[in-house]
Amino acid sequence: MPMKGRFPIRRTLQYLSQGDVIFKSSVKVMTVNYNTAGERSEGARKFVFFNIPQIQYKNPWLQIMLFRNMTPSPFLRFYLDNGEQVLVDVEDKTNKEITEHIKKILGKSKETLEKEEREKKKLSHPATFGPKKYHLRECMCEIEGQVPCPALVPLPKEMRGKYKAAMKNEA
Amino acid sequence: MSVPRGAVHAKWIVGKVIGTKMQKTAKVRVTRLVLDPYLLKFFNKRKTYFAHDPLQQCVVGDIVLLKALPERRSKHVKHELAEIVFKVGNVIDPITGKPCAGTRFLENLSDSENLTEADTTYLSEKLQELKVCPTDK
């Protein structure tokens, strides 16, 4: 049974996580004004249809507002934290060009993203064991080459505490 | 811990005015896109905020930009009106600076330009009828 809708791939987690526009933390609101008809607004329409879900997925705290058929010319407007507003004219641009442009002007650079990822990795130590939420592995028995989990495979007699205690009492 | 602005998470928000019945306060509806976890589609989720509007210049239907106040003004009012982005009935296109409505500019609406052939012939006929002839009484 295929997925419902026109381009249902837009509704997959893999597609959403493929968005590469991550805005700087000073960008608070993004407003898109576009028209539902007319070929000058075509790129803006495609942008709203394909790229806005990706952007919102990657920037969950960004407020995105869409306005349809309010002005003849399509544009994007960003409201930054210091009160600044950035107006981006998107008339006669394809949606790819629009995403490239906003990534260049207001997106986090690759170095910043890599640095953030490294910082995040530093917080958790990969060699510890514990709940899946905080550690990579839960128990030593998960690793290949180590003693398997006694829940699945009974331990050999010599390792069981019952046997060891009996041997000690005997001696 | 310093709180330079906003005892509130949302520092700048854009919304639509839905009520101005309170004195110097505007009721603003703000929509955010929220992902539905099963459908994986974004839907608008609305929330109303109250904003301080000292000059009472908001009309129902304006699109406004709100700024978070440094501390709460009253129990519900935590924002103030920073700027009216689009005034209802009087939208100015920011790229050209001209007033517009829908997908048309309002500025160059002159009588002669947007009329079709049929319109001009009809109008000229009517004008002929109205012409005052000196022979008539």
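What is the relative accessibility of K122(A), and does that make this residue buried or exposed?

Mentor: The model is a predicted one, in which local features need pLDDT of at least 70 and side-chain atom pairs count only at pLDDT 80 or more, while totals for chains, interfaces and linings use all residues. Residues are numbered from 1 along each chain as its sequence is written, chains are lettered from A and ligands numbered from 1 in the order in which they are written, and side-chain values use heavy atoms, with hydrogens and water left out.

K122(A) has a relative accessibility of 65% and counts as exposed (over 50% relative accessible area; buried is under 20% and partly exposed lies in between, with a 1.4 Å probe and protein chains only). K122(A) forms a salt bridge with E119(A), and the closest N and O atoms are 4.0 Å apart; the term requires a side-chain nitrogen of Lys or Arg within 4 Å of a carboxyl oxygen of Asp or Glu. E119(A) is partly exposed, at 45%. Both residues belong to helix α4 of chain A, residues 110-123, where they sit three residues apart, about one turn of the helix. Helices here are DSSP runs (H or I, at least four residues), as are strands (E, at least two), numbered from the N terminus. An α-helix has 3.6 residues a turn, so residues three or four places apart point the same way.

A second pair lies within helix α2 of chain A. E42(A) bridges to K46(A) with 3.0 Å between the closest N and O atoms. The two residues are four apart in α2, so about one helical turn separates them. Both are partly exposed: E42(A) has 32% relative accessibility, and K46(A) has 36%. A salt-bridge network links E42(A), R45(A) and K46(A).

R40(A) is partly exposed at 41%, and E91(A) is partly exposed at 23%. Over all chains, the count is eight salt bridges.

Helix α3(A) has 12 residues, for which 1.5 Å a residue predicts a span of 16 Å; the end C-alpha atoms are 16 Å apart, in agreement. The expected span is 1.5 Å times one less than the number of residues. N95(A), I98(A), T99(A), I102(A) and L106(A) are buried in this helix.

At the level of the whole chain, chain A divides into domain 1 (8-109) and domain 2 (125-170), with bounds from an automatic or database domain assignment. The C-alpha centres of the two domains of chain A are 52 Å apart.
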